[in-house]
Amino acid sequence: MMKTSGEEYLLETIKSFRGMKSNAEKAIEQISDNALHFSPDPLSNSVGIIIQHVAGNLKSRFRDFLTTDGEKPDRHRDEEFIEKNLNRNELMALWNYGWNVLFTALNSLNEADLLHTVTIRKEPHSVIRALQRQLVHSSYHCGQ
């Protein structure tokens, strides 16, 4: 059976996120535990901080994705950028939780949802636009 363009879009979006997550994890595996918290200068973020931020962002944006603003009241974004010196297991638990929230939301979407409007920081976005925004944001940080 042929897929509709919307179904294909959703499948490719999920595939892109999975690939991005996998590539980032391969890089993280190559970093020593101590280096997870290394920052070359005060204006740079460590890998640990980037993990905290990506996880917090995914959790906030994709929990109740279609029904609530993507910037949840219980998110404390500024705290994501404070070095907490979490160990590798703690960081990866945060990371995986955030990605699981994303994939649960993506797997629940259907073609009809793509043109619905969601809000991010009170700004309206089509679901397609919100997904594109997240792809760009996540790829930026995963590339760091």
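Axes here are lines fitted to C-alpha atoms, for helices over the stretch in contact, and angles run from 0 to 180 degrees between N-to-C directions. The close-up views below come from a predicted model.

**View 1. Helix 1 packs against helix 3.**
The axes of the two helices come within 11 Å and cross at roughly 175°. An angle over 145 degrees counts as roughly antiparallel, so helix 1 is roughly antiparallel to helix 3. From helix 1, the contact draws on Ile 14, Phe 17, Arg 18, Met 20, Lys 21, Ala 24, Glu 25, Ile 28 and Glu 29. Helix 3 contributes Arg 88, Met 92, Trp 95, Asn 96, Trp 99, Leu 102, Phe 103, Leu 106 and Asn 107. Sorted by class, this contact of helix 1 with helix 3 has 11 nonpolar, two polar and five charged residues.

**View 2. Phe 17, Trp 95, Trp 99 and Phe 103 form one aromatic cluster.**
A pair of aromatic rings is described by the distance of the centres and the angle of the planes. Four aromatic pairs are found in a search of the whole structure. In the pair of Phe 17 and Trp 99, the ring centres are 6.2 Å apart and the planes stand at 65°, so the pair is edge-to-face. This pair links distant parts of the chain, with Phe 17 in helix 1 (residues 5–29) and Trp 99 in helix 3 (residues 88–108), 82 residues apart. Phe 17 and Trp 99 are both buried. Trp 99 also pairs with Trp 95, in a tilted arrangement with 5.5 Å from centre to centre and 55° between the planes. Because Trp 95 and Trp 99 are four residues apart in helix 3, about one helical turn separates them. Trp 95 is buried, as is Trp 99.

**View 3. The charged end of Arg 18 sits over the ring of Phe 103.**
The distance from this charged end to the ring centre is 4.0 Å. Arg 18 belongs to helix 1 and Phe 103 to helix 3, and both are among the residues where these helices meet. Phe 103 is also one of the members of the aromatic cluster.

**View 4. Helix 2 packs against helix 4.**
Helix 2 (residues 47–62) and helix 4 (residues 127–143) pack at an angle of about 170°, and their axes are 10 Å apart. The angle makes helix 2 roughly antiparallel to helix 4. On the helix 2 side, the residues in contact are Ile 50, His 53, Val 54, Asn 57, Leu 58, Arg 61 and Phe 62. They meet Leu 131, Arg 133, Gln 134, His 137, Ser 138 and His 141 in helix 4. By class, the contact of helix 2 with helix 4 has five nonpolar, six polar and two charged residues.

Leaving aside neighbours within four places in sequence, Gln 134 is in contact with Phe 17, Asn 57, Leu 58, Arg 61 and Phe 62.

**View 5. Asn 85 and Lys 122 have a positive phi.**
Most residues other than glycine have a negative phi. Asn 85 is not a glycine, yet its phi is about 55°. Asn 85 lies in the loop between helix 2 and helix 3 and is exposed, with a relative accessible area of 53%. For Lys 122, phi is near 70°. Lys 122 is in the loop between strand 1 (117–120) and strand 2 (123–126), and at 76% relative accessibility Lys 122 counts as exposed.

Methods. Residues are numbered from 1 along each chain as its sequence is written. This is a predicted model: local features need pLDDT of at least 70, side-chain atom pairs count only at pLDDT 80 or more; totals for chains, interfaces and linings use all residues. Side-chain values use heavy atoms; hydrogens and water are left out. Rings of Phe, Tyr and Trp (its six-membered ring) pair if their centres lie within 6.5 Å; planes under 30 degrees apart count as stacked, over 60 as edge-to-face and the rest as tilted. Buried means under 20% relative accessible area, exposed over 50%, partly exposed in between (1.4 Å probe, protein chains only). A charge sits over a ring if NZ of Lys or CZ of Arg is within 6 Å of the ring centre and within 35 degrees of the ring normal. Angles under 35 degrees count as roughly parallel, over 145 as roughly antiparallel, 65 to 115 as roughly perpendicular and the rest as oblique. Contact means heavy atoms within 4.5 Å. Ala, Val, Leu, Ile, Met, Phe, Trp, Tyr, Cys and Pro count as nonpolar, Asp, Glu, Lys and Arg as charged, and the others, Gly among them, as polar.
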